[in-house]
Amino acid sequence: MFTAFKALCSMVSVNIQFAGQTLSMAALELRKRYSGSTIGVLWAVVRPAVFVSVYWFGIQLGIRGNRPMDEAPFILWLLAGILPWFFVADVLSSCGHALVSNRHLITRAVFPVSTIPTFTVLHLFFVHLALAVVTVAVFAFSGFGVGVYLLQLPYYMLCLFAMMWAVSVFFSACSAVSRDFEHMLKSAIQVFFWITPILWKADMIPAGLRFVIRLNPVAYIVDGYRNVFIYERWFFENLKWTAYFWAFLLVFLLTGAHLFKRLEKEFADIL
Amino acid sequence: MQTAISVRGVTKAYKLYSTPLLRMWDVFTGGRHYREFTALKDITADFPKGEVIAILGKNGSGKSTLLRIIAGVTSPTRGEVSVQGRISAMLELTSGFDMDLTGIENIYLKALTMGIPRKEIRKRLESIVAFADIGEHINEPVRTYSSGMRARLGFAISVSVDPDILVIDEVLAVGDDIFRLKCIERMRQFRLQGKTILFVSHSLFTVKAFCTKAMWLNQGELVDYGDIGEVVARYENFLREEKAKLKEVPGAGGGKQPVVVSKRDLFDVKDARLCDSQGKKCSVFNVGDELCVHFKYIVKTNIRRLLFGFTVFDAEKRVIFASDKRDESKALDAAIGEHSLFIRIKTDNMLEGRYYLSGELWDNDSAISVGFLNKRSFEIKQNAYRGSGVAFVEHSFVNDGRDGYQKD
């Protein structure tokens, strides 16, 4: 327990020490991600827009018969919930090979390996920020409006970033040891997309099952984003689940950091 | 003497797991479900500042592991390494390239990982690009590069970050001769600046020509460490023994000798012939005659130390004499242009029979050679039978101690 705590502290302090370098690496990752395409970084917006349009078409027009969702137009309701999901999906699909695809930094150079999961998450987070700006703009111009609850968006973004950093630390280390985890993560994307109340409302299912569904920390974040844009509720109105989320996150962080630190010396030999 | 790198009792053991998941299990339970493979066993050595140290050894002897530990990429299982000054390592050719980034972007990446400010690297960008000399490709992703281009860029970056210690692992294996010459030239500048170079190469020619000290590793153990000449001589003996052992096992491939590529763009020879002391073409010589070689050589680029050497083989193509290739007293005029060379070889100690003669010109800095004769045959005749064997051994004798030393 204590060693795990020390491992976490050491990872965080390395990341603070190399913050500037990590930022540059994230920018470089971003450039790499969109290099070789004509519209480049625009894909960061186009791809989600396509997804949202398709879901809107299939679910709102097809399945729901154009009824609004909790007084909000379905497309806005969907947009608020799916905004964090895009980031989650991006992280799940790329953190598996974070260390593997940066193995040149590990096996050929002296590099603070602890920052690799960070800049992997960070460059995707930049995309998320851009999407968040677009989303806020959509809400502002849709007539639905944005209110004072927008102030807590940074809080949920922090939750989201911290959670995804933990995921990235844990699974990048796992995948370096065994590729099984990379494949597992990729299949987990679909699972999490459907067990998280993104396209559907948690209220629609039986209360007992609803409790189980909310144990998923991503559900807390998706709910949170909807609280900001749709339901206009503060996060401290729901202290029980807030506490659960942070407790879960802390345990996950400690586990991940412990694993990562223990393997750190071996990465150069395994990869 | 100042020490640049001090290696103290370094041991490196790799953990080999039968399945990767056991490694995860061990992390959480503290178990030890692995076999150990010891790549380095208790290595202790000091590398003085300003030396060029060759690391010799067969594949799998631990050379790369040692370099990786010194470069700080991986940590030793036991023991410690202390390094004085900035180290720039070019490990196994790629030097840590991101395959998806362009050459230019990789230069910035390297600077970033070494903590060199962007401004500083921008100043040096031009010289790096010029040294790498890969033209338009510098703006293409590195994955599209040939191995030679990667080596060029890697070397260019490694030497441009102003390191105190340069670690070069087998870079010269893939470059062409002109690039090799450039590398050697740059490394010599380093040496003159008092910087330390660690150098792995399978080309013993290059090592002998360029390094000042050598370290010999075999199966992870330090066999020998000292001045270049002695260590290389012992190492060459070892290689010969190994090769002989291989020959006894039918089917096993012989040790791969690095081929020294002749590059006739640097210097070339023509009209080589065997002749008598008057310059008349000839291939049969009497004992006591001078066996002469005459040829022209053309120097096409700047070479500092052009030497020549020759080897005499017997009828079964066994070496009976090879001159010292690095003998600086055999330096030739290396000014750009055409020259001629006339070599006289005495045959006083040769016996009757068929022989072969090979010879080459040798650039002592870059270890590039061009042959002028390749086992050209000649014959020695003698008027009276003098004995058998490979060479005439001078001798005299004293009978009854009349005018010389006598026992009793």
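This is a predicted model: local features need pLDDT of at least 70, side-chain atom pairs count only at pLDDT 80 or more; totals for chains, interfaces and linings use all residues.
View 1. Residues are numbered from 1 along each chain as its sequence is written, chains are lettered from A in the order in which they are written, and side-chain values use heavy atoms, without hydrogens and water. Chain A and chain B bury about 2600 Å² between them. Carbon and sulfur atoms give 62% of that area. In contact (heavy atoms within 4.5 Å) are 30 residues of chain A and 30 residues of chain B.

**View 2. Salt bridges between chain A and chain B.** The rule (a side-chain nitrogen of Lys or Arg within 4 Å of a carboxyl oxygen of Asp or Glu) finds five across this interface. One of them joins Lys32(A) to Asp98(B). Their closest N and O atoms are 2.5 Å apart.

**View 3. Helix H4 against helix H11 in chain A.** Helices are DSSP runs (H or I, at least four residues), numbered from the N terminus. H4 (residues 74-94) and H11 (residues 217-231) of chain A pack at about 140°. Their axes lie 9 Å apart. Axes are lines fitted to C-alpha atoms over the stretch in contact, and angles run from 0 to 180 degrees between N-to-C directions. Among the contact residues are Trp77(A) and Trp85(A) of H4(A), and Tyr225(A) and Phe229(A) of H11(A).

Technical notes
Buried area is the accessible area (1.4 Å probe) that two parts lose on being put together, summed over both. Helices (H or I, at least four residues) and strands (E, at least two) are DSSP runs, numbered from the N terminus.
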